[in-house]
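Biologist: I have not looked at this one before. Can we go through it piece by piece?

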Amino acid sequence: MDFLRPATWEEALAAKAEHPTAVPIAGGTDVMVEINFDHRRPDVLLDLNRVVDLYEWEVGEETVRLGAAVPYTRVIEALGRELPGLALAARTVGSPQIRNRGSVGGNLGAASPAGDSHPPLLAAGAEVEAVSVRGTRLIPVEEFYTGVKRNALAPDELIRAVHIAKADGPQQFSKVGTRNAMVIAVCAFGLALHPATRTVRTGIGSAAPTPVRAGTAEEFLTAALEEEGLWDSGRTVPPSVARQFADLVAACASPIDDVRGSAAYRRHALRVMARRTLGWTWDEYLGNERSARCA
Amino acid sequence: MRVTFTVNGRRQEADDVWEGESLLYVLRERMGLPGSKNACEQGECGSCTVRLDGVPVCACLVAAGQVQDREVVTVEGLADFAKERDTGAAGPGTDPGAAQRWQPRPAGPATELSPVQQAFVDAGAVQCGFCTPGLLVAADELLERNAQPTDADIREALSGNLCRCTGYEKILDAVRLAAARTGTEA
Ligand SMILES: Cc1cc2nc3c(=O)[nH]c(=O)nc-3n(C[C@H](O)[C@H](O)[C@H](O)COP(=O)(O)OP(=O)(O)OC[C@H]3O[C@@H](n4cnc5c(N)ncnc54)[C@H](O)[C@@H]3O)c2cc1C
Ligand code: FES
Ligand code: FES
């Protein structure tokens, strides 16, 4: 095995071009488990810990450009206002030790359907900045997941950053598991209200081969909020609307039975999470509107 | 490959390290520092917790090559580390030879303990002791960050460390005790 330690981003890209089979390692919280258990024996490990650019983020007008290797702990501490959904999800990842090392770039690299970053990225709207010596492309996150633990990266590409839309309204994340700490999601759900465009977006985790948006549920709710004039009226979402939204979310999933839960349970849990997160975000939206009007 | 890094304040070299090896393996098997425990090798138990450039991490999930030129503190160095932090003076670090010969009940003078270690002893927070090194490192870091943690803070900071013996109550007591003692000193 070779261990490559590029000191700069340019060196990392050159190394990946020269060794397309090299396995990048950032926090190592996925890669090292696989190596320790002999599930994976890469011929080359490409350490990204020295590439300081990957540990930085920039808050722009519309988006946050989050370096691929920024640990979850930093997301929680520093980006809760701009990226509330992602910060909520980050809080549920593993344990402090895991959050101190694990990163959104690593979550995307692993592309597990159970990865907790995915629902909030889908709900907020995000693009993955994939770079190689050939150039840079921005991949919409919904196109990034191509199969169970597969992603759209070419063999010579690395993730430089994720461009995530800054929240323009309330966001929520909800995850079902057997306990509070250290738990892989049985299923998870992210919801973002976008008052600026009067739309809603969602992300479903662990209930399909890849993380997915609940497209028909989003369309239904966006239309219903508009038709009932709810963005302006200051009224709560009618229970019938919430119920149908929840049913549509569950219908958008294609869960399986596995050791963590049955398909039927997952659908049920998604319905519950969809309804709850809608209630929470809408309450927050109404609260914001009210205080904005009083101010 | 060769890996050179600082362990408990002193520069160390490990030779013939396999590229897929973990920091935990290097510490235990190549440096003779078995304080950091190996239970799950998958980040679940926290018994291998060490500080990497000050940050608590699972040593089983750090590739050895990733620690080149970086600083690691293990439970063996915790007493010296805490002392240097309290006095604000850079000390000589921890002698690895002495650390390798560490005994729970030394024949000679008692080993000096950090405040967190002493609190674990006094509160009866140690049963089989397997989880203790990882908990000590995690608890010490919590108190460094937050001298007067709430119970929720303590639970959160130790949520990555499993203990099969104590039921955690005495561990919580120990951290509260360590916090109370530093509180009265200040
Ligand atoms: C005990 C434990 C608990 C966990 N709990 C959770 C949890 O609750 N939720 C959750 O979502 N995950 C969890 N995980 C999984 C893991 O922590 C996350 O997937 C984390 O985001 C991985 O980040 P990392 O930086 O450690 O990735 P690494 O292990 O370094 O890499 C992961 C994958 O991404 C690739 N990669 C890394 N960086 C890049 C890059 N810049 N460009 C291209 N490819 C790259 C690697 O080659 C590898 O395939 C847990 C893991 C452990 C050990
Ligand atoms: S041995 Fe590292 S966390 Fe269990
Ligand atoms: S004292 Fe035995 S595992 Fe904690």
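Modeller: Keep in mind that this is a predicted model. A place to begin is A:Thr202, which is found in strand β13 of chain A, residues 199-205.

Biologist: Is A:Thr202 buried or exposed?

Modeller: A:Thr202 has a relative accessible area of 0%. The cut-off for buried is under 20%, so A:Thr202 is buried.

Biologist: Which backbone atom does the side chain of A:Thr202 reach?

Modeller: The backbone nitrogen of A:Ala214, at 2.9 Å. A:Ala214 is also among the residues that A:Thr202 touches, once residues up to four places away in sequence are set aside. Others on that list include A:Leu122, A:Phe189, A:Leu191 and A:Phe245.

Biologist: What about the loop between β12 and β13?

Modeller: A:Arg198 has its place there, and β12 covers residues 187-194 of chain A. The phi of A:Arg198 is positive, about 55 degrees, although A:Arg198 is not a glycine. Most residues other than glycine have a negative phi.

Biologist: Which residue of chain B has a positive phi without being glycine?

Modeller: B:Asp69 is one of them, with phi near 65 degrees. B:Asp69 is found in the loop between β4 (55-58) and β5 of chain B. At 47% relative accessibility, B:Asp69 is partly exposed.

Biologist: Staying in chain B, which residues of helix α1 are buried?

Modeller: In α1, which runs over residues 23-30 of chain B, they include B:Leu23, B:Leu24, B:Val26 and B:Leu27.

Biologist: And what do the buried residues of α1(B) pack against?

Modeller: Against strands of chain B: β1 (3-7), β2 (10-14), β3 (49-52) and β5 (71-73).

Biologist: What follows α1(B)?

Modeller: B:Gly32 follows α1(B), and its phi is positive, near 65 degrees.

Biologist: Now cysteines. How many disulfides are there over all chains?

Modeller: The count is 0, over all chains. In chain B, B:Cys45 is buried at 11% relative accessibility, and B:Cys48 is buried at 2%.

Biologist: On to the ligand. Which chains surround ligand 1?

Modeller: Residues from chains A and B surround ligand 1, so the site is shared between chains.

Biologist: Which residues come nearest to ligand 1?

Modeller: There are 37 residues around ligand 1, and those that come nearest are A:Pro24, A:Thr29, A:Asp30, A:Tyr72 and A:Asp116. By class, the shell has 18 nonpolar, 13 polar and 6 charged residues.

Biologist: Which element gives the most to the shell?

Modeller: α6(A), with 4 residues. Elements of chain A that each supply at least two residues include β2 (23-25), α2 (31-36) and β10 (158-165).

Biologist: Which polar atoms lie by the oxygen atoms of ligand 1?

Modeller: A polar side-chain atom of A:Tyr72 lies 2.6 Å from an oxygen atom of the ligand. From the backbone, an N or O atom of A:Gly28 lies 2.8 Å from an oxygen atom of ligand 1, and a polar atom of A:Gly94 is 3.1 Å from an oxygen atom of ligand 1.

Biologist: How much of ligand 1 does the protein bury?

Modeller: 93% of the 980 Å² that ligand 1 exposes when taken alone.

Biologist: Back to chain A. Where does A:Pro155 lie?

Modeller: In the loop between β9 (150-151) and β10. A:Pro155 is exposed, with a relative accessible area of 56%. Leaving out residues up to four places away in sequence, A:Pro155 touches A:Lys16 and A:Pro20.

Biologist: How far is A:Pro155 from A:Gln172?

Modeller: Their C-alpha atoms are separated by 34 Å, with the two residues 17 apart along the chain.

Biologist: Is A:Thr277 buried or exposed?

Modeller: A:Thr277 counts as buried, at 0% relative accessibility.

How values were computed. Residues are numbered from 1 along each chain as its sequence is written. Chains are lettered from A and ligands numbered from 1 in the order in which they are written. This is a predicted model: local features need pLDDT of at least 70, side-chain atom pairs count only at pLDDT 80 or more; totals for chains, interfaces and linings use all residues. Side-chain values use heavy atoms; hydrogens and water are left out. A residue is near a molecule or strand if one of its heavy atoms lies within 4 Å of it. A polar contact is a pair of N or O atoms within 3.5 Å; within protein, one must be able to donate a hydrogen and the other to accept it, and residues adjacent in sequence count only if both atoms are side-chain atoms. Accessible areas come from the Shrake-Rupley method with a 1.4 Å probe; for residues, only the protein chains shown count as cover. Ala, Val, Leu, Ile, Met, Phe, Trp, Tyr, Cys and Pro count as nonpolar, Asp, Glu, Lys and Arg as charged, and the others, Gly among them, as polar. A disulfide is a pair of cysteine sulfur atoms within 2.5 Å. Buried means under 20% relative accessible area, exposed over 50%, partly exposed in between (1.4 Å probe, protein chains only). Contact means heavy atoms within 4.5 Å.
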